[in-house]
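Welcome! Here is a short tour of a protein model, written for someone meeting it for the first time. Please keep the structure open as you read.

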Amino acid sequence: EGAVTVGELAKLIKREPSEIIKKLLFLGIMATINQEIDTDAIELVASDFGVEVVVKEPVDEEALDMLIEEADPAKLQERPPIVTIMGHVDHGKTTLLDAIRETNVTAQEAGGITQHIGAYQVEVSGKKITFLDTPGHEAFTTMRARGAQVTDITVLVVAADDGVMPQTVEAINHAKAANVPIIVAVNKMDKPDANPDRVRQELSEYGLISEEWGGDTIFVPLSAKQRTGLDQLLEMILLVAEMAELKADPTARPRGTVIEAELDKGRGPVATVLVQNGTMRVGDIVVAGTTFGRVRAMVNDKGRRVKEAGPSYPVEILGLNDVPSAGDLFVVYDDERKARSLAEKRIAKHRQEQLGVQSRVTLEDLYKQI
Ligand code: GTP
Ligand code: MG
């Protein structure tokens, strides 16, 4: 929380400010009592006085958000949109995700084994789109609960033969709360009882008014099963992405979100992450939630090993000391010691919170017994 001044440091290590100023002079730093001094200087001065000062890293979720806001506008580059698919049970989300993936595998990738890593990227007319392969609801609820926002665009799947259902409405609410634009995919158009106008009419009651009806919501009729209308959907995604002017700085400090993670018998903890800013490389030291480690290898959605991953690129990373949680933020550190110490602090905090919960439960149990 803010920088430390000479005067504050003096109080902290119980010395006269003049002594601190003298030491700083030795280090080539001219300082007055109200001057702020940096971490390195604090540690050096303190250790000269035989005091060990541990400077707390100000890096937490809020600080990470600041890192983005302070981005250099000149370095920002267009990045692929990150898209989630949401909709009511059985309206065809999985079929649509599979259809998009399979119909957009390029020739040279066709031989590769497609991995399910929780996210994948397709290329459409030279532009990339990242799809989160996790159920949209989960992506929104677990991740947003952790303060992570990974979605740029939501594709709302509504079966043309079934219309708006409870989870359709839920999905609309999630997307609206997160301020994410919605594209409506009117699915199952191949069915004889498909009624897209009914879908339009029902959705208009939730403020999603189709362009044909004078509104600004894009509706794309399609059949995930017969794979018709997919190109139009992808084109519309690119159009919405262009309007949203999605940008990131590939040269910034790498950070992003854990999409999913598991313990693999052979490979150890494996986390699928989505890089949201900067470019992550093999060998980088990362902290992800309460876990940390050096990235030993990265594998993309085509099952290929990659050396780097830029903005909106989903990869599996190997090398973490433990399994992080979906929605955890990750950030790259230049110093393994700092990474470890941050992860350990978070573990301690986590334990404390859990202890808090447990003692509350115990208290309630006590009341019950009485
Ligand atoms: P949950 O994951 O259970 O919420 O379902 P989902 O939304 O992922 O639906 P899923 O893709 O599993 O599809 C449900 C059923 O609808 C399956 O039997 C699909 O084959 C079928 N289906 C999906 N898309 C279409 C379509 O375009 N036309 C037809 N006729 N059937 C479809
Ligand atoms: Mg499904």
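A residue is called buried when its relative accessible area is under 20%, exposed when that area is over 50%, and partly exposed in between, using a 1.4 Å probe and protein chains only. E336, for instance, is partly exposed because its relative accessible area is 33%.

This is a predicted model, in which local features need pLDDT of at least 70 and side-chain atom pairs count only at pLDDT 80 or more, while totals for chains, interfaces and linings use all residues. Residues are numbered from 1 along each chain as its sequence is written, chains are lettered from A and ligands numbered from 1 in the order in which they are written, and side-chain values use heavy atoms, with hydrogens and water left out.

**The overall picture**

The protein chain has 10 helices and 19 strands. These elements are DSSP runs numbered from the N terminus, with helices (H or I) of at least four residues and strands (E) of at least two. Of the 370 residues in the protein chain, 45% are buried. Contact here means heavy atoms within 4.5 Å. Among contacts with a separation of 6 or more, 72% are between residues 24 or more positions apart. The accessible surface comes to about 19,700 Å², and carbon and sulfur atoms account for 50% of it; such areas come from the Shrake-Rupley method with a 1.4 Å probe, and for residues only the protein chains shown count as cover.

**Inside the protein**

A nonpolar core is a set of buried Ala, Val, Leu, Ile, Met, Phe, Trp, Tyr and Cys residues joined through side-chain atoms within 4.5 Å. The largest one has 28 residues, and those with the most contacts inside it are L96, I129, F131, V155, L233 and I237. At least two residues of this core come from each of β4, α5, β5, β6, β7, β8, β9 and α9. Helix α9 gives the largest share, seven residues. Apart from this core lies another of 17 residues, including V258, A309, Y313 and V315.

Which residues are buried in helix α5 (residues 93-103)? They are K93, L96, L97, A99, I100 and R101. These pack against β4 (82-87), β5 (119-124), β6 (127-132), β7 (153-159), β8 (182-187) and α9 (230-244). V155 also touches L96; leaving aside neighbours within four places in sequence, the contacts of V155 include V83, I85, L233 and I237 as well.

**Salt bridges**

A salt bridge is a side-chain nitrogen of Lys or Arg within 4 Å of a carboxyl oxygen of Asp or Glu. By this rule the count comes to 16. Three of them are listed here.

| Pair | N to O distance |
|---|---|
| E102 and R227 | 2.8 Å |
| R200 and D197 | 3.6 Å |
| E336 and R294 | 3.6 Å |

R294 counts as partly exposed because its relative accessibility is 43%.

R200 and D197 both lie in helix α8 (residues 196-204), three residues apart, about one turn of the helix. An α-helix has 3.6 residues a turn, so residues three or four places apart point the same way. R200 is buried, at 11% relative accessibility, whereas D197 is partly exposed at 44%. Together with E212, D197 and R200 are linked in a network of salt bridges.
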